[in-house]
Amino acid sequence: MKAKPVGEAVAFALGVILYIWVLRFRWPWALGLLALAVVLSLYLHSETVRSVGLGLQELRAALADWKVWLALAAVATALLGGRRILSPALLDRALVYFLWCVAQQAIYQTMVYRRLRQAFGPSWRACVLSGVLFSAVHLPNPVLAPATLVWGAVSSRLFERHPSAPALGLPQFFLSTILLWLTPVEWHRNFRVGASYLQFR
């Protein structure tokens, strides 16, 4: 096992947790430090557009390979959403959330999974450990924490096959939307995490 990439993945996850629980309330500008850490890591590891999952060729391959599952997820989301998915305001929020899912996947796969992959190889061990860190960021939300544990591990495995953040952003968007509509608001609290989950009224 290589200690350095493991340390990088854990340090980044801890930095996100620290921001979610403490820094965003006291020093919201600290988000810029996390962004700087991502940019610095990309530079130091000589990452490219393709390596962070933003290549067009990888996107096309993933969409072709996963088209049936994505279509089923889209139908399930539409059926559960009913008429409300046609609301212009909801469509705007959906687009913003989808873009957030893509950004989240690009950062998660690059800063967490690919670092753990350097240490443990392209194995389920690396995927599961990545899922654990992804889940820890979503505590104490009782809906998101277990869901992101599973999705974090599965998405890492899928990224191994097709390294495309937009393609992974689609099922994350659909699954998140389905979870939001199927679980009580008292549980998911509009998908808040950290201290804001505890403060939700």
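Predicted model: local features only at pLDDT ≥ 70, side-chain atom pairs only at ≥ 80, totals over all residues.
Colleague: Is Glu47 buried or exposed?

Modeller: Glu47 is buried, as its relative accessible area is 17% and the cut-off for buried is under 20%. Arg114 is partly exposed, at 23%.

Colleague: What else does Glu47 form a salt bridge with?

Modeller: With Arg115, where the closest N and O atoms are 2.9 Å apart. That pair also links distant parts of the chain, since Glu47 is in the loop between helix 2 and helix 3 while Arg115 is in helix 4, 68 residues away. Arg115 itself is buried, with a relative accessibility of 1%.

Colleague: OK, and how many salt bridges turn up in the whole structure?

Modeller: Six. One of them pairs Asp65 with Arg161, at 2.8 Å between the closest N and O atoms. Here too distant parts of the chain are linked: Asp65 is in helix 3 and Arg161 in helix 6 (residues 144-161), 96 residues apart.

Colleague: How accessible are Asp65 and Arg161?

Modeller: Asp65 is partly exposed, with a relative accessible area of 35%. Arg161 is exposed, at 57%.

Colleague: Switching to packing. What angle do helix 6 and helix 7 make?

Modeller: About 160 degrees, with the axes of helix 6 and helix 7 (residues 165-182) 11 Å apart. The cut-off for roughly antiparallel is over 145 degrees, so helix 6 and helix 7 count as roughly antiparallel. Their crossing is right-handed.

Colleague: Which residues make that contact between helix 6 and helix 7?

Modeller: From helix 6 you have Ala147, Trp151, Ser155, Leu158 and Phe159, and from helix 7 Leu168, Pro171, Gln172, Leu175 and Leu179. By type, the helix 6 and helix 7 contact has eight nonpolar residues, two polar and no charged.

Colleague: How about helix 3 against helix 7, what are the angle and distance there?

Modeller: The axes of helix 3 and helix 7 cross at roughly 15 degrees and come within 9 Å. That makes the two helices roughly parallel, and the crossing of helix 3 and helix 7 is left-handed.

Colleague: Which residues of helix 3 and helix 7 meet?

Modeller: The helix 3 side includes Leu59, Leu63, Trp66, Leu70 and Leu80, and the helix 7 side includes Leu168, Pro171, Phe174, Ile178 and Trp181. The residues of the helix 3 and helix 7 contact divide into 18 nonpolar, three polar and no charged.

Colleague: New topic. Where does Lys4 sit?

Modeller: In helix 1 (residues 3-26). Lys4 is exposed, with a relative accessibility of 66%.

Colleague: How far is Lys4 from Ala119?

Modeller: The C-alpha atoms of Lys4 and Ala119 are 8.1 Å apart in space, while the two residues are 115 apart in sequence.

Colleague: On to the backbone. Which peptide bond is cis?

Modeller: The one from Leu139 to Pro140, where omega is near 0 degrees. Pro140 is in the loop between helix 5 (124-137) and helix 6. For context, most peptide bonds are trans, and most residues other than glycine have a negative phi.

Colleague: What is the phi of Ser46, then?

Modeller: Positive, about 55 degrees, although Ser46 is not a glycine. Ser46 lies in the loop between helix 2 and helix 3, and Ser46 is exposed, at 59% relative accessible area.

Colleague: And what is phi for Phe191?

Modeller: Near 60 degrees, again a positive value in a residue other than glycine. Phe191 is in the loop between helix 8 (185-188) and helix 9 (195-198).

Colleague: Is Phe191 buried or exposed?

Modeller: Phe191 is buried, with a relative accessible area of 16%.

Notes
Residues numbered from 1 in each chain as written. Heavy atoms only, no water. Salt bridge = Lys/Arg side-chain N within 4 Å of Asp/Glu carboxyl O. Buried < 20%, exposed > 50% of the residue type's maximum accessible area, 1.4 Å probe, protein only. Helix = DSSP H or I, 4+ residues; strand = E, 2+ residues; numbered from the N terminus. Axes fitted to C-alpha atoms, helices over the stretch in contact; angles between N-to-C directions. Parallel < 35°, antiparallel > 145°, perpendicular 65-115°, else oblique. Left-handed = near helix turned anticlockwise from the far one by under 90°. Contact = heavy atoms within 4.5 Å. Nonpolar A, V, L, I, M, F, W, Y, C, P; charged D, E, K, R; others polar.
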